[in-house]
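These are my notebook entries on a structure that I went through feature by feature. Each entry records what I looked up and what I found.

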Number of protein chains: 2
Amino acid sequence: MRLLDTRVKVLFEPYGRKVEARIPGTILEVAQYSGIGVRSECGGKQVCGKCRVIVKDQVGLNGATDKEKLILSEDEIVHGYRLACDARLTSGADKITVMVPVESRFRPRRFTEWGKERRVKPEPTLRKYPVRVAEPSLDDNRSDVERLLDALHKEQDLVGLAVDLQAVRELPNILRSSDLVTVVVRDESEVISVEAGVTSEKLFGLAVDVGTSKITCNLVDLNNGETIISRSMENPQIVYGEDVISRIAFSQEKAENRLMLQESVIGGVNTLIWQLCRETSLSPENVYEVVLVGNTAMHHLLLGLEPRYLARAPFTPVSKSPVDVKARDLGVKINPCGHVLFLPIIDGFVGADAVADILSAGIYRPGGPILLLDIGTNTEVILRREDRVICCSCASGPAFEGVHIEHGMKAVDGAIEKIRIDKETYEVEFEALGDDKPVGLCGSAIIDAVAQLLQSGVISGLGKFNANIKTPRLRKAGNSKEFVIAWGEEAGIDGDLTISERDINEVLLAKAAIYSASAVLMGKLNIGKEDLKKVLIAGAFGSQVDKRNAKTIGLIPDVDDGRIRFLGNSALTGARMALVSRRMRRLAEGIPAKVEYVELATSPDFKKEFTNALWLPNRNPVLFPAAEKSVKKRG
Amino acid sequence: MRLLDTRVKVLFEPYGRKVEARIPGTILEVAQYSGIGVRSECGGKQVCGKCRVIVKDQVGLNGATDKEKLILSEDEIVHGYRLACDARLTSGADKITVMVPVESRFRPRRFTEWGKERRVKPEPTLRKYPVRVAEPSLDDNRSDVERLLDALHKEQDLVGLAVDLQAVRELPNILRSSDLVTVVVRDESEVISVEAGVTSEKLFGLAVDVGTSKITCNLVDLNNGETIISRSMENPQIVYGEDVISRIAFSQEKAENRLMLQESVIGGVNTLIWQLCRETSLSPENVYEVVLVGNTAMHHLLLGLEPRYLARAPFTPVSKSPVDVKARDLGVKINPCGHVLFLPIIDGFVGADAVADILSAGIYRPGGPILLLDIGTNTEVILRREDRVICCSCASGPAFEGVHIEHGMKAVDGAIEKIRIDKETYEVEFEALGDDKPVGLCGSAIIDAVAQLLQSGVISGLGKFNANIKTPRLRKAGNSKEFVIAWGEEAGIDGDLTISERDINEVLLAKAAIYSASAVLMGKLNIGKEDLKKVLIAGAFGSQVDKRNAKTIGLIPDVDDGRIRFLGNSALTGARMALVSRRMRRLAEGIPAKVEYVELATSPDFKKEFTNALWLPNRNPVLFPAAEKSVKKRG
């Protein structure tokens, strides 16, 4: 008798990676399990259509499902396209070959922006104290810990210290191996490590921004507050869904999923720690503290808090307070007696990243008026005027990250990032990231495209293509129209790189959300655009953007270029400031109490502002005089 | 080709237990690994000779080693006796049958004494508070934790509470499943659990005495301070050596051994928790606190502290302070947010058990003079006079636990526990534990035997047999003599149950250590036996002992029977008091600072007192007038 064969070999191309897979899994599950980067923005729910793969010989797979037939074209199905999330392994084949086309692949992101180095006087909660501990003798029957604490008292004037049990398990051997020992004390209140010899120079900490799509971190020397090295990676949770809503949904499917999400993101942080330490030849034992920031969903998922109610009204978080736990309690692989601090959050939609934004932009001080936008899938908008700070969050959607845009993509190699369109000829110049032919448009290019199409009169103030424009680049596509940014021969994909009316509509929705949120806050504090001293734009997205084009499409208020500043990853900067300075940390911890959250849904002006902002640049022309002037009127 | 067979089946009789064992392990390792109770007092070092087993067909074993030939008689070797620790599996047999003779078996101990219930006003650090938490709404954007803390403030007047992260991971679901929730608060300062509904009646704690040979515990209802159920078990560390010195030596052999010792004893505590909860149908989730006591070595081994320097001068412990950690940090399987508290220790040889003795005997209050002996392998001696408490520890050896006595054994089924010897006929009456024929003598019987042999003139004041006594019970044995307590036909072993001069000498050494330690302390505070208001005897050992016989051999000072009290396991009683009452806990935590440790080795009188105490009852007859009078003088 032969057992039924429940396994099949799957070959992923172009990687040449062979994987033994269990029947009846889906291709997406096999890919995710094996670490092969296949995009999935809906978390495997047959919605986003981003996980297309090509399987020429489909023996050993189920037939195309109804859901696939909805999303894939007939032509695609004929050519072997499948949604990896709905293509299920069946018995009948020994081997299946899966081609992951370029548009379905994860790519390493280009992380040029780490958050500007804002110098802060180092004043860390951690300090190292070298001390000489008395030897034990028959006349001195004090314990090792008592003699250690006495030395800290006499030599360093420290009293009333608690001692982490784990930190003293090896104390007898350390004391007897070395005359001098170095003691790591946190907050002048707790001994968290005792080390043989003088190790004062090895005092490190980590600032981490846990974003929905990427984790970014700085390894910091706590003796001088300087960043030694910065690294980042995709948030590994991404295999469970690209946005927070998919991940929260995933966490509800099975009891163990919440733990999987937690372990996944902590695993990511640990990978970064390992990488940072390897590159600098430091030991993770000498990293004693991690300060984390992130949005509220990341906060809940990383800390293992039930995230369910973040996704339904009234969007109540479990806890807003700063969370300070032992690294070992979370499984974060630094010194096990070290601490992990998650900065406080403001609300269900405004997280510790906004607190860090406020800290790093200095908005905790009275002043302004200053408007800060931290642009991402959710955009946080913060407005300071004198002694008030108000904030809100809007679902701006992922259009600026290239999602829901037919040829959209993240700012990684292969992405077009800058576009210029000639107002007369409609010819297009572009700049792309990396050395290969471009395969898509990232956020800044999308903004450029919409702004330049508007200025050259190719689209109207409502984002519709002007039928009178004569250029081969503007053409019909189904019931609608599209504009060719790059012809097939210039691009690294089959066919042309285009932008469609549907894409432009997505951009309008996104920018309308962001602009109207800003407008509601400005209205609330009676601030006109002319009053704004600064408009600060944070987010990895922000730094690539052309200021004038952003104003042309009405994304940000029309203020002088000189008042607009890109902060890069200012959330990470804020985390680093709270890591390095206990004064900054105290400031950060006090921020949520000083910030008023504005619920847009119940703000009377929001609907009007939003509708106005659906126009390019805005239905109310007074708001964007420069943009209005630059637009070429036709027809 | 056939792989060499590296496994062999071992059948352990009389258990009928078949085990697959790996070559080349020892029989002792196989037995320990499989949970078959084979005694080993030296920890498998071919010293104690307690692990004798019988293997009739020794194909598949190494030959008897030189060490075995030293310990086993020629006759035994002929009959297949081996030391399990030196009998090593070799290839050549499919199956080996090992007989574990009765004297080599572990037996369940008889645990009649749990420590007297000393009633203490319940005043636990833990309390349960039922509260009604406001529902979240769009108008109330406070987090779940904020609303919970607000309810605790408004309804229960609790402010400034910290919250254990683990305790609130499920909070959103709990709040939304029940109108009322019950919050467990520790020390009016920390939320450690939030439970749906009203669970106020389920508030339990555990008091545990971690002894070198057994772990004893009380499950306590913290609402009324009453013990619900008590259980105990062998300390599983016993497979790594019977006494603390063997275990400390074992911990030094390999890096992982210390962790093995820690996991072993914590595993034991967890087994007891599981058993207690199963028998009472309670959930370990509703056990929120464990108070532990134990000697200094148990303290270090359970907490995972390096124990090495406890075994060498100047015997310095790592830490003496009370240790309070999260149960999850130690892997203790109660509510993971619950706490484990190890009471403070006094010195390298005087542990938290002595602190608990002092607490439960009330010796923390000025008064006395009171002498307290906690008799075990190490005996703690504590003396209170007015406002001074002094203490010491002496290595009394395990003679009273039946170790180093040829037919000695613990107080388990099969042990003779009481002996009477007729002064004229020398006939012996005995009482044994359990229903079967006796197989050995436990501590109380050993004391009886020595006292009665002395009173009937069979032995002299130096513990030597009197050659003039005519009875078949007194006979030669090698170069020495022995006295038959039970003839072969009365006993459950091959041959007679005897007591030898060598055994009596062991008793003399033990009692001399204990008495001289008491005498040194009494001398130090100028106390004569007539001054002693109370002599308190603790230890499971203590409760079985005949007071008069104990005085006859000079083990305890000669005071009126009415002043002598047996406390049973007073260390466990003390642990329970500290569990139930925060006032008692504070008292316990203050005890080490009030107790003066006396180092016997450097006390000038110790040697003289010890030498005097090597006589029966004592070289100084003034000390034991009653005993002197009761002794029948002969020859």
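Entry 1, a salt bridge between chains. I looked up Asp329(B) and found that it forms a salt bridge with Arg328(A). The closest N and O atoms of Asp329(B) and Arg328(A) are 3.2 Å apart. I note here that the model is a predicted one. I then asked how many salt bridges the rule finds across the interface of chain B and chain A. The rule finds 6 of them there.

I looked up the polar contacts and recorded 22 residue pairs across the interface of chain B and chain A, both residues being at pLDDT 80 or more. Next I listed the elements that give two or more residues to the side of chain B that touches chain A, and they are α4 (144-156), α5 (171-177), α7, β14 (323-326) and α9 (327-330) of chain B. In contact terms, 40 residues of chain B meet 40 residues of chain A. The area buried between the two chains is about 3300 Å². Carbon and sulfur atoms give 56% of that area.

Just after α7(B), I noted a positive phi of about 55 degrees at Ser281(B).

Over all chains, I recorded a count of 66 salt bridges by the rule. One that I looked up joins the side chains of Arg147(B) and Asp144(B), at 3.0 Å from N to O. I asked why these residues are separated by about one helical turn. Arg147(B) and Asp144(B) are 3 residues apart in helix α4 of chain B, and therefore about one turn separates them. In an α-helix there are 3.6 residues a turn, so residues three or four places apart point the same way.

My search of the whole structure gave 8 aromatic pairs over all chains. Tyr240(B) lies in the loop between β12 (226-234) and α6 (244-253) of chain B, and Phe250(B) lies in helix α6, so the pair ties together parts 10 residues apart in sequence.

I found a cis peptide bond between Ile23(A) and Pro24(A), with omega about 5 degrees. Pro24(A) is placed in the loop between β2 (17-22) and α1 (27-33) of chain A. The peptide bond from Leu616(B) to Pro617(B) is also cis, and its omega is near -10 degrees. I located Pro617(B) in the loop between α16 (606-613) and α17 (625-630) of chain B.

Terms used: Residues are numbered from 1 along each chain as its sequence is written. Chains are lettered from A and ligands numbered from 1 in the order in which they are written. This is a predicted model: local features need pLDDT of at least 70, side-chain atom pairs count only at pLDDT 80 or more; totals for chains, interfaces and linings use all residues. Side-chain values use heavy atoms; hydrogens and water are left out. Helices (H or I, at least four residues) and strands (E, at least two) are DSSP runs, numbered from the N terminus. Contact means heavy atoms within 4.5 Å. Buried area is the accessible area (1.4 Å probe) that two parts lose on being put together, summed over both. A salt bridge is a side-chain nitrogen of Lys or Arg within 4 Å of a carboxyl oxygen of Asp or Glu. A polar contact is a pair of N or O atoms within 3.5 Å; within protein, one must be able to donate a hydrogen and the other to accept it, and residues adjacent in sequence count only if both atoms are side-chain atoms. Rings of Phe, Tyr and Trp (its six-membered ring) pair if their centres lie within 6.5 Å; planes under 30 degrees apart count as stacked, over 60 as edge-to-face and the rest as tilted.
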